[in-house]
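Here's a quick briefing to read alongside the chain you have open. Keep the sequence handy as you go.

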Amino acid sequence: MNASHTKAVADTTFSGKSAAVACEDDERNLAYVVYGLLFVSPFSLGITALIGAALAYIKKHDCTSYIQTHFRYQIKHFWAVFALWGIATFIAVICTVVLTWTLANLIWSQYDISDWRRIDLDLSDLDISSIPVSTILGVSSGYVISALLTVLATVWILIASVNGVLRLNHHKPIGKRFRTA
């Protein structure tokens, strides 16, 4: 007998619950914890989402009840949001590299930077008219797309977490196969 089984058996003598019900309550509480970790993930740079997904992966095969559908739902939404955040970050990094490269080339072309120790730049007379309009539009639209993807991913994980908690409160499974349940 393992310690968790012994604890569940010991709890049944005081609470009147069977070991199976006690185990289901523990799994259900863990599902609540994972939903909470997913919910706060936009405010913790996704670190709590990684922890929540790891917990869901660990427990998804151990459950035999409707709670297994919740762990699968959490994993599915973690990966969808992770992909959106990854794409948004990639776009923002590319835009930052292009912008930095463009500004560095602009400064090098307009100032004599032969000795970097004696650089005295007065950026007030920097002529930015030589920056191509396509670069300005590309970088700015890239940042806008990145921001929109980040907002979409944030709203997605918040709604998915609340939806999951509501279904879990009513002891209902979640997912496409269980829409009518």
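This is a predicted model: local features need pLDDT of at least 70, side-chain atom pairs count only at pLDDT 80 or more; totals for chains, interfaces and linings use all residues.

Residues are numbered from 1 along each chain as its sequence is written, and side-chain values use heavy atoms, with hydrogens and water left out. The protein chain comes out as 5 helices and 0 strands, so to speak an α-α-α-α-α pattern when read along the sequence. Helices here are DSSP runs of H or I with at least four residues, strands are E runs of at least two, and numbering starts from the N terminus.

**Confidence**
- The mean pLDDT (the predictor's confidence in each residue, from 0 to 100) is 84 for the protein chain, with 81% of its residues at 70 or more.
- Helix H5 (residues 133-169) has the highest confidence, at a mean of 95, and helix H1 (residues 3-15) the lowest, at 48.
- Residues 4-14 have pLDDT below 50, and this stretch has 7 contacts in the model beyond near neighbours in sequence; a contact means heavy atoms within 4.5 Å.

**Overall packing**
- Of the 181 residues in the protein chain, 31% count as buried; buried means under 20% relative accessible area, exposed over 50%, and partly exposed in between (1.4 Å probe, protein chains only).
- Among contacts in the protein chain with a separation of 6 or more, 67% come from residues 24 or more positions apart.
- The accessible surface of the protein chain is about 11,700 Å², and 69% of that belongs to carbon and sulfur atoms; areas come from the Shrake-Rupley method with a 1.4 Å probe, and for residues only the protein chains shown count as cover.

**The core**
- The largest nonpolar core has 24 residues, and Leu38, Ile67, Phe71 and Leu168 have the most contacts inside it.
- H2, H3, H4 and H5 each give two or more residues to this core, with H4 giving the most, at 9 residues.
- A nonpolar core is a set of buried Ala, Val, Leu, Ile, Met, Phe, Trp, Tyr and Cys residues joined through side-chain atoms within 4.5 Å.
- Leaving aside neighbours within four places in sequence, leucine 168 is in contact with Arg28, Ala31, Tyr32, Tyr35, Tyr66, Ile67 and His70.

**The nonpolar patch**
- Leu45, Ile47, Leu50, Ile51, Tyr57, Trp79 and Phe82 make a nonpolar surface patch of about 750 Å².
- Helix H3 (47-59) and helix H4 (67-110) are the elements that give two or more residues to the patch, and H3 gives the most, with 4 residues.
- Patches use residues with over 30% relative accessible area and no salt bridge, joining like charges within 9 Å and nonpolar side chains (Val, Leu, Ile, Met, Phe, Trp, Tyr) within 5 Å; a salt bridge is a side-chain nitrogen of Lys or Arg within 4 Å of a carboxyl oxygen of Asp or Glu.
- Leucine 45 sits in the loop between helix H2 (19-40) and H3, and counts as exposed because its relative accessibility is 81%.

- Histidine 77 lies in helix H4 and is buried, because its relative accessible area is 11%.
- Not counting residues up to four places away in sequence, histidine 77 touches Trp156, Ile157 and Ala160.
- Valine 155, in helix H5, is partly exposed at 40% relative accessible area.
- Valine 155 and valine 81 are 74 residues apart in sequence, yet 9.6 Å apart in space, C-alpha to C-alpha.
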